[in-house]
Amino acid sequence: MSRTDPPSAPPPAKPSSGAGRSHVPPSAPPAKAKRRPNSRASKAAGAKTAPAERRLRGIAITEGVAIGPVFGAVEPEIEPARRRIQAADIEAERSRLDAAITQSKKQLVKLRARLDMLPEESQAEIAPLIDAYLQMLGPSRLTRTMRQRIEEGLVAAETAVHDTGEAMVAAIMAMAEAGSEGSEQRASARRHAEEVREISRRLIRNLTRQPFRSFAALPAGAILVCEYLRPADVALLDPARLAGVAADEGGSDGHTAIMLRALGVPAVLGVADLTAAAPPGTLAIVDGGKGEVILDPTPATLAEARRAVTGFARQRQQWARLKRLPAITTDHQVVELQANLELPAELPLIAQAGAAGIGLLRSEFLFMNRERMPNEDQQAEIYRGIIEAMGGDPVTIRVLDWSGEKEIDALIAEGLVPDLPPENPALSVRGLRLLLRQPDLFETQLAAILRAATAGPVRILLPMVTTIAELRAAREVFERVVRRLRRRGERLPEPLPPFGIMIETPAAALSADALALEADFFAIGSNDLTMYTLAVDRGEAIVAPLYDPLHPAVLRLMQFAIEAALLLRRPVSVCGELAANPKFTPLLLGLGLRSFSMNSSAVPRVKQAVRAVSAEACARFARRVMEQNDSSLIDELLSEFAEANE
């Protein structure tokens, strides 16, 4: 692998700490006054030496503005030549693969040891991912299939690695596209595919003896620009020296994006053709909030960017102060702001945001990248670690919510789900329906949660409940597990964790008054509720414009569920994307909600919105909104209310 020389621009100054980092070459000393040139040639020459400003759009990853020279880190793609072998060579190729696996493990262990150089929150983000890589390099379906391809396909080790990795990635993404799940579940599938690709690339480089990309020559205050940035690359970056990051490829929900947010470095990914447009040394601005990269900025743009650096630094100071302040309305109504958790690696982001607990812990991560199902002890240990990390703040654990697009090898290997996903996963056996059909799976998870719940306050959340009969059946399983654990002499929490349900279908919302008699609490999943109510999969481009959480039907279903819960004094929260948008906060408060769960980065903004309004004014506003029959008018009302309370 070739390393790009650092830019020839003057050595940049060490970046200042805070939201935005900048390095701008010092202004030249004033020149001696000269007569103004009049020739067209002079004008042409001047235009030639001053390249025009270029603005490139990408995906916003980490807020903040960075100014500095581009440092290009190019890594040629490895496309191994397809090579056939003779039967007599099978053992030799297997040995080559085993050696590459061993070498890859050593590299990852060494990388893990380097984490002490990173901020504490970044260490906690990256370490679990490296552990996941090491697990995949163990006795997994991935490595087993690679060996089978060598033996049965008579191909060289690198060919087997490449073909296995690509086939598995294609299967994961095909399942995701075939499903009707929300964006979070698709994001989980993309992350899983990203993990498989990373392991395949690492093995191929070790098999072909190709060196890895190095960032040792990255000068302080530079902006790193590359075609793509892998999670393992992010682990090598020093946020104290780096001004910003931009790349041609990448999205907002991958491991790389999560890790960049943990580092706090202004970043934009998915900027098409960026590396071709930004040679090393180019002065660039990375705006991680707008998702924009500006090359060769004009003096006016540069001045504006400098103001943005200062402004965002002030904004971060304000959010830091908010972290210590309660989420309370101007008329003293306390609001609970919690975070959703997809992976344990996101725990540092929750701590940074000042969330008051985890309102939705998606437990699917425990079951992925495994050949066998995690047993009760393994699950209990992981849950306990998360609960202890929250330091007494409540944790709501949603039990396994499998549906067809989530490729969970262990479920398939043990015959708990079919190899091929159902034709329409959203309307098939998923969530609680699967768990009731597989009671051993359900009981093991409940037992693990109950044992871990002695470490702190826990709530248990059931997905995809549509009937009272399902809820009663689930509670019977829960009570059976409690009795079994007590007979075993296990220590259990007192009182036992509350047992609640997701409201994510029209059936659940419309029968909320009856369900509230049986459930201890509700969590409204606004994403799925919108999808099922409007019969729209927002992942389908043709119908995506019809996906509208402000549709009066969706809001009325939410209103009915909230009122049913409040009537019986059942806690109720919202944990979909509606919760994360401060524009919707006044409406949700006005409908009676006092508990929100969202991605951790949204917590400061929503807290700011909560502290700017009175619950009484929000209630009056909500009554106006619920009289409307047009979602566009509702959106206008929300905008007007937000502007009036800024």
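Which residue forms a salt bridge with Arg451, and how far apart are the closest N and O atoms? I began my notes with this pair, keeping in mind that the model is predicted.

**Entry 1: Arg451 and its partner**

I found that Arg451 forms a salt bridge with Glu376, with 2.8 Å between the closest N and O atoms. I then looked up where each residue lies: Arg451 is in helix H15 and Glu376 is in helix H12 (residues 376-389), so the pair ties together parts that are 75 residues apart in sequence. I noted that Arg451 and Glu376 are both buried. I also recorded that the two belong to a network of salt bridges, in which Glu376, Asp377, Arg451, Arg488 and Glu490 are linked.

**Entry 2: Helix H15**

I next examined the helix that holds Arg451. Helix H15 covers residues 439-452, which makes 14 residues. From its first C-alpha to its last I read a span of 20 Å, close to the 20 Å expected at 1.5 Å a residue. I asked how many residues of H15 are buried. The count is 11 of the 14, so H15 is largely enclosed by the rest of the structure. Among the buried residues I listed Leu441, Phe442, Leu446, Ile449 and Leu450.

**Entry 3: Other salt bridges**

I recorded a total of 27 salt bridges in the model. One of them joins Arg94 to Glu151, and their closest N and O atoms are 2.2 Å apart. Arg94 lies in helix H2 (residues 90-113) and Glu151 in helix H4 (residues 141-153), so this pair ties together parts that are 57 residues apart in sequence.

I then looked up Asp635, which forms a salt bridge with Lys583 at 2.7 Å between the closest N and O atoms. Asp635 is in helix H25, while Lys583 is in the loop between helix H21 (577-580) and helix H22 (585-590), so the pair ties together parts that are 52 residues apart in sequence. I noted Asp635 as partly exposed, with 30% relative accessibility. Lys583 is likewise partly exposed, with 24%.

**Entry 4: Surface patches**

Which residues form a negative patch? I listed Asp630, Glu636, Glu640, Glu643 and Glu646. I placed Glu636 in helix H25 (residues 631-644), and I noted that Glu636 is partly exposed at a relative accessible area of 45%.

I also found a nonpolar surface patch made of Leu517, Leu567 and Leu568, which together have about 320 Å² of accessible area. Leu568 is in the loop between helix H20 (552-567) and strand E15 (572-574).

**Entry 5: Backbone details**

I returned to the loop between H20 and E15 for Arg569. Arg569 has a positive phi of about 55° although it is not a glycine. I recorded Arg569 as exposed, with a relative accessible area of 78%.

Asp296 is another residue other than glycine with a positive phi, near 50°. I located Asp296 in the loop between E8 and helix H10 (299-324). I noted that Asp296 is buried, at 18% relative accessible area, below the 20% under which a residue counts as buried.

Pro495 sits in the loop between helix H16 (468-487) and strand E13 (499-503).

**Entry 6: Distances between C-alpha atoms**

I looked up Ser140 in the loop between helix H3 (120-136) and H4. Ser140 is buried, with a relative accessible area of 8%. I found 9.0 Å between the C-alpha atoms of Ser140 and Arg372, although 232 residues separate the two along the chain.

Last, I looked up Glu292 in strand E8 (residues 292-295). Glu292 is buried, at 10% relative accessible area. Its C-alpha atom is 9.3 Å from that of Leu269, which is 23 residues away along the chain.

Technical notes
Residues are numbered from 1 along each chain as its sequence is written. This is a predicted model: local features need pLDDT of at least 70, side-chain atom pairs count only at pLDDT 80 or more; totals for chains, interfaces and linings use all residues. Side-chain values use heavy atoms; hydrogens and water are left out. Patches are made of residues with over 30% relative accessible area and no salt bridge: like charges are joined within 9 Å, nonpolar side chains (Val, Leu, Ile, Met, Phe, Trp, Tyr) within 5 Å. Accessible areas come from the Shrake-Rupley method with a 1.4 Å probe; for residues, only the protein chains shown count as cover. A salt bridge is a side-chain nitrogen of Lys or Arg within 4 Å of a carboxyl oxygen of Asp or Glu. Helices (H or I, at least four residues) and strands (E, at least two) are DSSP runs, numbered from the N terminus. Lys and Arg count as positive and Asp and Glu as negative; His and the chain ends are not counted. The place of a charge is taken as NZ of Lys, CZ of Arg, CG of Asp or CD of Glu. Buried means under 20% relative accessible area, exposed over 50%, partly exposed in between (1.4 Å probe, protein chains only). The expected span of a helix is 1.5 Å times one less than its number of residues.
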